Amino acid sequence: MTPHSPGTDQIDTLLWIGFVAATILIVAVVGALLYVLRRYRAERGAEPRQVTGGRRIQLRVGGVLAAFAAALFVLGVLYTDKARETPTTTGESSGLLQLSSSETLKIEATGQQWLWRYDYPNEAFSYYKLVVPVDTAVELDLVSTDVVHTWDVPELAGKRDAVPGKTNHVVFSADQEGTYSGQAATLSGQAYAAMRTEVEVVSPQEYEAFLESTKTDIQAAQDRVVGLIEEGKTP
Amino acid sequence: MSSPARNPELVVDGFPTRRPRWVEIVTSADHKDLGRLLIGGSLGFLFIALVELLLMRLQLAIPENTFLDPVTFNRMLSLYGATAIFFFALPLAVGLFYYVTPLQIGARGTALPRLGQIGTWLFVAGATVLYAGFLFTPTEAGVNPLPPLSGIAFLSNNGVDAWAAACGLATLGFVLIAVDLVATLRRLRAPGMAWRRLPVFSWAAAIGSWQLLFISPVMLAAITMLLIDRNFDGIFFAGDAGGSPLLWQHLSWIFYTGTYMLILVFALGAIAEIVPALSRKPLFNRGATIGSLVAIAAIGTLAWMQNMYTAPIGIGWMYFAMAMSLTLIVPFGLVFFNLIATLAGGTVKMRAPLLFAAGALTMIAIGLASEVSHALVALGWRLQHTTDSTAATHFALVGGAVFGGFAALHWWFPKMTGRAMGETLGRASFWTMVVGILLAFVPLFFAGGDQGQVVDAYKFFGGNGALDADNLIATIGTFVLAVGIVMGVANAILSREGGAPAGHDAWGGDSLEWFALSPPEPHNFDVLPDVRSARPLRDIREAIAHSSARAEAPARESQPVA
């Protein structure tokens, strides 16, 4: 899995830190355990020395472990803070979408059984597929209309829950055009496994065009429905 | 001339006729009968949980499988979670605590036996309610039934109510047993059995009981609120009406995290009895080890928000949870270090309990080391809710409850039945389980960590060779693990009648339970030795050796010199 956002770059680094830390711990415990089990097999008539312990060595081991934990805590906070930073918008988006480098493109993502709905700033909306411009800081406001859902597109951002009654936030900035897939990650009922989503990263011009055409299409569809109702034909 | 009886308690009007065995068991308030009921019941539910797990794994063997429909899968998932936690792991730990602790502290029973009896039968009642769900509709709300999904609006049948009642009854039962254990530990220790001389497993029982007294009321409150929400138009967990779904997450995760720690404290406590006895050394740094177990229970429970990194809570809370999780490295590390230091320099007899203990330590280490990486907040956003966390949790809890549980079962089985568990079948089951757990859960680390496969989903989508292979290997591994576990349980069943007679002190243990008969009399002990150290049986052995040496010396001197 290749990270495609500044935040996921940090998470990827943290993944290696976590992997190395876990490996050190597992190798230390299992290695020492296997060694003593092989080395100290019972012999006839041998009576081991009844050592009850030592405060010195206990404090030393505790100190080493505490230092290890503290180092991990510091690294965890450092990289988490970096991963949380709002990315800066670069490239053409800043001009075309009139976003300053510290502003984010706000899109509302609504989880509902079993589909994601995305509401764009110009009142256009889409289901299942989110379209965003490349190299642009996107902020998703996650909300839910029914049960708890988790929005998860691992190449672009860490996962976050959409909880009814609360708003959660995800920020990312895709560094490459393309399609990134994701899947809801909290059990939400029968069709949970099929509740997937897709993020299509396009150039700012294509994004603008997508918004315009979507809005036009939605308007056309609404006009048609309103027209049908006025004619007395309930759709 | 007849004088009044000097010992009136010896005047007996004949013995009551013995009642049938099942009546004895059903009416018994003896901690040994109840403990065996809990342990036997938990092993039965281990088997049922395995069947549910296997059905789910079969569904996930190949991509987009249609073996189980989504609803059936979600039911298996929900029942598996409840069964594994409330009806296998907890009653196994509580049952062994309840059986062994009074014997270890030299008590002739428990302080509040009827409470323990009610508790045990509440567990039975809970299990009955959960599986009575099959008569209508079992729950499909997941391992932890998060509102609003578990609310009446989304699951309107009675499955969730059955889950709530079942887990509530069982939890209430465990609390009552814990109250009895706490009272017994305070009031009924044998003369000389000071807290500083208490065996480590009894310390684990004390810690586990207090842990239950703290966390269970939280869960019972949450379950009550869920029942009110579902049946009486409550709004505790309704996000848009003044309540919050996050409330349930906080309350339930306090309980689940505390239970996680309780099971590890149980396993480590049992292992800390086995390792010294089978290496013929005292436990290295006993005091620090016990202190570490206390710290694990307390600090571990405080890390509950580690399960809520993706929820809309402040980043400060997440850092607090991370701090608590990472702090756990110190007490867990010290326990591991002290156990290994006990083995070092000893004369290690590699019997089945020690084999299982070593397996448990290995699997717990793998699980907890993975949890360390999940605790790093931003990495948690990536790894949590994927099969990577399934694998981590299963390594730690199968390591603790199954490997650790089997170690404890092998260890105390001779005390409970008078017969030893088969060594050959024990070893065979152990190695099968080791191969099984590694094959079953190592691939899930990669499926979750690398491919992002999410938890609890009834199907995954193919098109990716590595992900397909991971899932297929995991399914095969789960079958191997199940075969190993069934062999282990079969070993226990076969050995009840057919095992080698073990005598009262099967392992050369140092604690008082080995002073009682095997199986112990209903009153546990006729007489009790004075407890003068943490190793009372070793003191007796030394005293006997000493006095026989003294008795022999004059005899030798009086020998005629030829």
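**Ground rules.** The model is predicted, so I took local features only at pLDDT of at least 70 and side-chain atom pairs only at pLDDT 80 or more, while totals for chains, interfaces and linings use all residues. Residues are numbered from 1 along each chain as its sequence is written, and chains are lettered from A and ligands numbered from 1 in the order in which they are written.

**Entry 1: domains of chain A.** I looked up how chain A is divided. Domain 1 covers 6-37 + 56-84 and domain 2 covers 93-230. The bounds come from an automatic or database domain assignment. Their centres, taken over C-alpha atoms, are 36 Å apart. The contact between them takes 5 residues from domain 1 of chain A and 7 residues from domain 2 of chain A. I call two residues in contact if their C-beta atoms, placed from the backbone, lie within 7 Å. On the domain 1 side, helix 1 (residues 6-39) of chain A gives the most, with 4 residues. Helices (H or I, at least four residues) and strands (E, at least two) are DSSP runs, numbered from the N terminus. That side of domain 1 holds 3 nonpolar, 2 polar and no charged residues. For these classes, Ala, Val, Leu, Ile, Met, Phe, Trp, Tyr, Cys and Pro count as nonpolar, Asp, Glu, Lys and Arg as charged, and the others, Gly among them, as polar.

Entry 2: Next I turned to the interface.

**Entry 3: the largest nonpolar core.** Which residues touch the most other members of the largest nonpolar core? They are B:V265, B:I271, B:L361 and B:A407, in a core of 252 residues. Such a core is a set of buried Ala, Val, Leu, Ile, Met, Phe, Trp, Tyr and Cys residues joined through C-beta atoms within 7 Å. Buried means 20 or more other C-beta atoms within 10 Å of the residue's own, exposed means 12 or fewer, and partly exposed lies in between; C-beta atoms are placed from the backbone. Helix 7 (residues 245-279) of chain B brings the largest share, 23 residues. Domain 1 and domain 2 of chain A each give this core at least three residues. I then followed B:I271. Not counting residues up to four places away in sequence, B:I271 touches B:L339, B:A357, B:A360, B:L361, B:G404 and B:A407.

**Entry 4: the three-stranded sheet.** In chain A, 3 strands form an open sheet in the order 4-10-9, with mixed pairing. Strands pair if DSSP finds at least two bridges between them. Strand 4 (129-133) and strand 9 (178-183) of chain A each have a single partner strand, so one side of each is left without a neighbour in the sheet. Neighbouring strands are turned by 20° against each other on average, direction ignored. Axes are lines fitted to C-alpha atoms, for helices over the stretch in contact, and angles run from 0 to 180 degrees between N-to-C directions. Strand 9 and strand 10 (residues 196-202) of chain A pair in the antiparallel sense over 6 bridges. A:Q183 stands opposite A:R196 of strand 10. Helix 4 (residues 204-230) of chain A lies across strand 4 and strand 10, at about 135° to strand 4 of chain A.

**Entry 5: the five-stranded sheet.** A further open sheet of chain A has 5 strands in the order 3-2-1-5-8, and the pairing is mixed. Strand 3 and strand 8 (168-172) of chain A are its edge strands. Strand 1 and strand 2 of chain A pair in the antiparallel sense over 5 bridges. A:Q112 has A:L115 of strand 2 as its bridge partner.

Entry 6: Most residues other than glycine have a negative phi, and most peptide bonds are trans. I looked for departures. A cis peptide bond joins A:Q113 and A:W114, with omega about -5°. A:W114 is in the loop between strand 1 (105-112) and strand 2 (115-119) of chain A. Another cis bond joins B:S518 and B:P519, with omega about -10°. B:P519 is in the loop between helix 15 (465-498) and helix 16 (536-557) of chain B. A:E123 has a positive phi near 75°. A:E123 counts as exposed because it has 11 C-beta neighbours inside 10 Å.
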